[in-house]
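Try each task before you read its solution.

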Amino acid sequence: MKEMINLNGKLFSAPTKLLPSMEDSFRLSPTFSLKALDGQRRNLMDLASSHNATFVTVSCSSFADPMVESFRKPYLEQQPSAGLLDLRPIPSRLKAFLWSNGIKRAARREIPDHLHPAYFVYRGGQELRGMLGLPNLYGGYVCLLDRDGVLRWRASGFATDSELELLFKCIDDLQKDHP
C-alpha cells in the first residue's frame with residue numbers, strides 16, 4: 001500500500017496510443033451482466049457494443065475513488081459521445097452487507113439520476129479483474145473498450161494531464177474507426 005501511495009496509484013503506464021484488437025486481448029465476457037444503480041440488470045457487453053468507445057471506471061475501495069474521479073470528472077465535463085460504465089466491485093461480504101443496507105440509498109442521492117443506468121456496484125471483482133487485466137483491488141483504474149468489448153487503452157492511479165489528453169485522443173480514434 002505504501003508503494004501505491006508513493007507512486008500516486010500508478011501500477012502501470014498508460015499506453016500512448018490504442019492497443020491493437022487481437023484474439024488474446026483483454027475483453028468483456030459476452031455473458032457478464034450486473035444490476036445497475038437504477039435496479040435494472042444489464043449485460044455489459046450489450047452496453048459496450050452500443051458505442052464505438054466505452055469509458056470504464058473501476059474502483060474497489062475508498063482509497064481508489066479519488067483516482068478514478070480524477071479521470072471521470074474531466075470525462076463527464078467534456079461529454080464525448082462515448083459510453084460510460086462505472087464499476088464498483090465489492091470484495092468483502094461485510095462491505096456488500098453495508099452496501100445493501102443503507103449505503104446504496106446514499107449513493108442514489110449522491111450520483112445524478114442520468115448516471116444510474118451506468119453505475120454498477122456488485123459483490124466480487126475477480127472475474128472483472130481477469131477480463132480487464134487489472135492487477136489488484138486497491139488501485140483506481142480506467143479503460144476504453146471498443147464496440148466489441150475489447151480493452152484498447154487503460155490507465156491507473158491519479159490522472160495526469162498527458163493521460164487525459166491521451167484518453168480523449170483515443171476516444172476520437174475509436175470514433176473514427178467506426179463512423
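**Exercise 1. The fold in outline**

How many helices and strands does the secondary structure of the protein chain come to? Then find their order along the sequence.

Solution. Begin with the ground rules. This is a predicted model, in which local features need pLDDT of at least 70 and side-chain atom pairs count only at pLDDT 80 or more, while totals for chains, interfaces and linings use all residues. Residues are numbered from 1 along each chain as its sequence is written, and side-chain values use heavy atoms, with hydrogens and water left out.

Step 1: count the elements. Helices (H or I, at least four residues) and strands (E, at least two) are DSSP runs, numbered from the N terminus. The chain has six helices and seven strands.

Step 2: Along the sequence the pattern reads α-β-β-α-β-α-β-α-β-α-β-β-α.

Step 3: look at burial and surface. Of the 179 residues, 50% count as buried, where buried means under 20% relative accessible area, exposed over 50%, and partly exposed in between (1.4 Å probe, protein chains only). The chain exposes about 9400 Å², and carbon and sulfur atoms supply 52% of that area (Shrake-Rupley method, 1.4 Å probe; for residues, only the protein chains shown count as cover).

Step 4: check the range of the contacts (heavy atoms within 4.5 Å). Among contacts between residues at least 6 apart in sequence, 74% join residues at least 24 apart.

**Exercise 2. Helix 6 and its cover**

Which residues of helix 6 are buried, and what covers them?

Solution. Step 1: compare the helix with its expected span, which is 1.5 Å times one less than its number of residues. Helix 6 (residues 161-177) has 17 residues and reaches 25 Å from its first C-alpha to its last, close to the expected 24 Å.

Step 1: pick out the buried positions. They are E163, L164, L166, L167, F168, C170, I171, L174 and Q175.

Step 2: find the cover. It includes strand 3 (53-59), helix 3, strand 6 (140-146) and strand 7 (151-156).

Step 3: D146 counts as buried because its relative accessibility is 3%. Leaving out residues up to four places away in sequence, D146 touches S21, A48, H51, N52, R152 and L174. The C-alpha atoms of D146 and N52 are separated by 5.6 Å, although these residues are 94 apart along the chain.

**Exercise 3. The second largest pocket**

Which residues lie closest to the centre of the second largest pocket?

Solution. Step 1: settle the terms. On a 1 Å grid over the protein atoms alone, a cavity is a set of points where a 1.4 Å probe fits but cannot get out; a pocket is an open set with protein on both sides within 12 Å along at least five of seven lines, and lining residues have an atom within 4 Å of a point.

Step 1: Of its 16 lining residues, Y75, A82, G83, L84 and L115 are the closest to the centre.

Step 2: trace the lining. Helix 3 (65-78) and strand 4 (83-90) each supply at least two residues, and strand 4 gives the most, with three.

Step 3: sort by class. Ala, Val, Leu, Ile, Met, Phe, Trp, Tyr, Cys and Pro count as nonpolar, Asp, Glu, Lys and Arg as charged, and the others, Gly among them, as polar. The lining has ten nonpolar, six polar and no charged residues.

Step 4: look at A82, in the loop between helix 3 and strand 4. A82 is buried, since its relative accessible area is 10%. Beyond its neighbours within four places in sequence, A82 contacts H51, A53, Y75, I171 and Q175.
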